[in-house]
Amino acid sequence: MTAPNTVPGAIAAHAADPGGAAVTLERVTKSYDRGRVTALDNVSWSFRRGTFTAIMGASGSGKSTFLHCASGLDLPTSGTVRLGDTDLGKLKETALTQLRRDRVGFVFQGYNLVPSMDVQRNITLPLRLGGRRADTGWLTEVVHRVGMADRLDHKPSQLSGGQQQRVAVARALVTRPEIVFADEPTAALDPRTAGHVLRLLREAVDGIGQTVVLVTHDPTAAAWADSVVFLSEGRIVDELPRPTAATVLTRWETL
Ligand SMILES: Nc1ncnc2c1ncn2[C@@H]1O[C@H](COP(=O)(O)OP(=O)(O)OP(=O)(O)O)[C@@H](O)[C@H]1O
């Protein structure tokens, strides 16, 4: 494992400890426009299993690119991304699609639920797509965790934004993925509802050892994580352990 692209000791120690890593990035660079734009610049990082990490950075700092490369939604221009022991760059497109469906969970700002399906079918969609049966006990637990047990026959249009996002969290957890990537999942929600959704992610980490990576602009959201990783111009420039909204804001202002 290589050292990260920045010097702080805490970051070096973290990245040099790949034991138990859910996802590892090694010297990942992503360029666009035939190399004219470097969105990610030689980034190395590992996300330890059972941890909750927030990724923050200014607009254009590379957060979405980082999430896309780390989750297999996109491939880096150079460098390696591993999910567990699987090198994503060595997979054919079909295998990569299966990996994203079976081993990774996603939560997006826009919920991305299927309008014609009720809550139960939305939650179990990744299982059905993978030809897997729902483990009834686990499904029941996930549905209860997100508080949607009495809404299983509702369509997304009959739910509030917060409820729809809770369904999306359940869908992300139902496959017992090795890692969940949440991309601005609370940006469209009021602060109280956002807190409910973030608490679900926190509880998944604390209760079932889920690994979660959250991309956010919001210091209050980032404060739910175990640590905050700051991106600037495609590079990881700092890590803040045990964040509070105040310490995140202070660090953000001096980036
Ligand atoms: N498909 C693309 N083609 C060309 N340039 C791109 C593409 N996607 C991203 N970029 C550029 O890469 C850089 C990083 O973009 P990215 O979307 O990862 O940043 P971000 O931190 O997620 O921004 P935001 O907070 O505004 O969503 C930016 O300069 C952006 O313009």
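Predicted model: local features only at pLDDT ≥ 70, side-chain atom pairs only at ≥ 80, totals over all residues.
Two residues are taken to be in contact if their C-beta atoms, placed from the backbone, lie within 7 Å. Beyond its neighbours within four places in sequence, alanine 170 is in contact with Ile123, Val142, Val143, Val146 and Met148. Ala170 also belongs to the largest nonpolar core, a set of 66 residues. In soluble globular proteins, nonpolar side chains tend to be buried together.

Stepping back to the whole fold, the protein chain contains 9 helices and 10 strands. Its radius of gyration is 18 Å, close to the 18 Å given by the globule rule for 255 residues, so the chain is as compact as a globular protein of that length. Along the principal axes, the C-alpha atoms fill a box of roughly 50 × 45 × 35 Å. Of the 255 residues, 42% are buried. Among contacts with a separation of 6 or more, 68% are between residues 24 or more positions apart.

Around the ligand lie Tyr32, Asp33, Val37, Ala39, Gly57, Ser59, Gly60, Ser61, Gly62, Lys63, Ser64 and Thr65. By residue class, this shell divides into 3 nonpolar, 7 polar and 2 charged residues. Strand S2 (37-48) and helix H2 (63-71) each supply at least two residues of the shell, and the largest share, 3 residues, comes from H2.

Note on methods
Residues numbered from 1 in each chain as written. Core = buried A, V, L, I, M, F, W, Y, C linked by C-beta atoms within 7 Å. Buried ≥ 20, exposed ≤ 12 C-beta atoms within 10 Å, placed from the backbone. Near = placed C-beta within 6 Å. Helix = DSSP H or I, 4+ residues; strand = E, 2+ residues; numbered from the N terminus. Nonpolar A, V, L, I, M, F, W, Y, C, P; charged D, E, K, R; others polar. Rg over C-alpha atoms; globule rule 2.2 N^0.38 Å.
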